[in-house]
Amino acid sequence: RKAVPCATKDVLLRVSESVLGGVLCPLVAEAVRESDLEENVVAGCDVRTRNCVITSAKLATIGIRALERWCAATEMSFVQIQQYCKGSKTNISEVICDAVYSKDEYILDAVAELIET
């Protein structure tokens, strides 16, 4: 993209191992696993008390979309993402397969977009 600062892709590639393997893949794995266990939990914020509830399904959606955006920004394939996630002992392919069976439509939309990338 023309609006992206010079060398952004290179910086993202350099930090891929720590971000993907250390944070994003384990976060997505845990959120997908927990998302089907939650029942009757409503996400939202109370403006008066500033208390917010972020469900595991919402977190899984955000994480999967982040993976999709990372792939797009770095032109990384899903196979390369898998290699980075192996460092954290996270099988991201298995996680995405589990997400396909999610009851949450937002997770399913995020998975579809990741697959299209």
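Guide: A residue counts as buried when its relative accessible area is under 20%, as exposed when it is over 50%, and as partly exposed in between. Keep that in mind as we look around this model, which is a predicted one.

Visitor: Okay, let me try it. Is cysteine 85 buried or exposed?

Guide: Its relative accessible area is 0%, so cysteine 85 is buried. Cysteine 25 also comes out at 0%, so that one is buried as well.

Visitor: Which cysteine does cysteine 25 join in a disulfide?

Guide: To spot a disulfide, look for two cysteine sulfur atoms within 2.5 Å of each other. Here cysteine 25 is joined to cysteine 85, with 1.7 Å from S to S. One partner sits in helix 2 and the other in helix 4, 60 residues apart, so the link connects distant parts of the chain. Searching the whole structure turns up one disulfide.

Visitor: Where does helix 2 bend?

Guide: At leucine 24, by about 35°, and proline 26 follows within four residues.

Visitor: What do the buried residues of helix 3 pack against?

Guide: Follow the buried side chains and see what they touch. Those of helix 3 include Ile64, Leu67 and Trp70, and they pack against helix 1, helix 2, helix 4, helix 5 and helix 6.

Visitor: How many residues are in the largest nonpolar core?

Guide: There are 24, and Ile64, Leu67 and Ile92 are among those with the most contacts inside it. Helices 2, 3, 4, 5 and 6 each supply at least two residues of this core. Helix 2 gives the most, with seven.

Visitor: And charges? How many salt bridges does a search of the whole structure find?

Guide: Four. For each one, check how far apart the partners are in sequence. Lysine 9 pairs with glutamate 75, their closest N and O atoms 2.9 Å apart. Lysine 9 is in helix 1 and glutamate 75 in the loop between helix 3 and helix 4, so this bridge ties together parts 66 residues apart in sequence. Glutamate 75 is exposed, at 63% relative accessible area, and lysine 9 is partly exposed, at 34%.

Visitor: Which residue forms a salt bridge with arginine 65?

Guide: That would be glutamate 113, again at 2.9 Å between the closest N and O atoms. Arginine 65 lies in helix 3 and glutamate 113 in helix 6, so this pair ties together parts 48 residues apart in sequence.

Visitor: Why are glutamate 30 and arginine 33 separated by about one helical turn?

Guide: An α-helix has 3.6 residues a turn, so residues three or four places apart point the same way. Glutamate 30 and arginine 33 are three residues apart in helix 2, and therefore about one turn apart. Their side chains meet in a salt bridge of 2.9 Å, N to O.

Notes
Residues are numbered from 1 along each chain as its sequence is written. This is a predicted model: local features need pLDDT of at least 70, side-chain atom pairs count only at pLDDT 80 or more; totals for chains, interfaces and linings use all residues. Side-chain values use heavy atoms; hydrogens and water are left out. Buried means under 20% relative accessible area, exposed over 50%, partly exposed in between (1.4 Å probe, protein chains only). Contact means heavy atoms within 4.5 Å. A nonpolar core is a set of buried Ala, Val, Leu, Ile, Met, Phe, Trp, Tyr and Cys residues joined through side-chain atoms within 4.5 Å. The bend at a residue is the angle between axes fitted to the seven residues ending there and the seven starting there.
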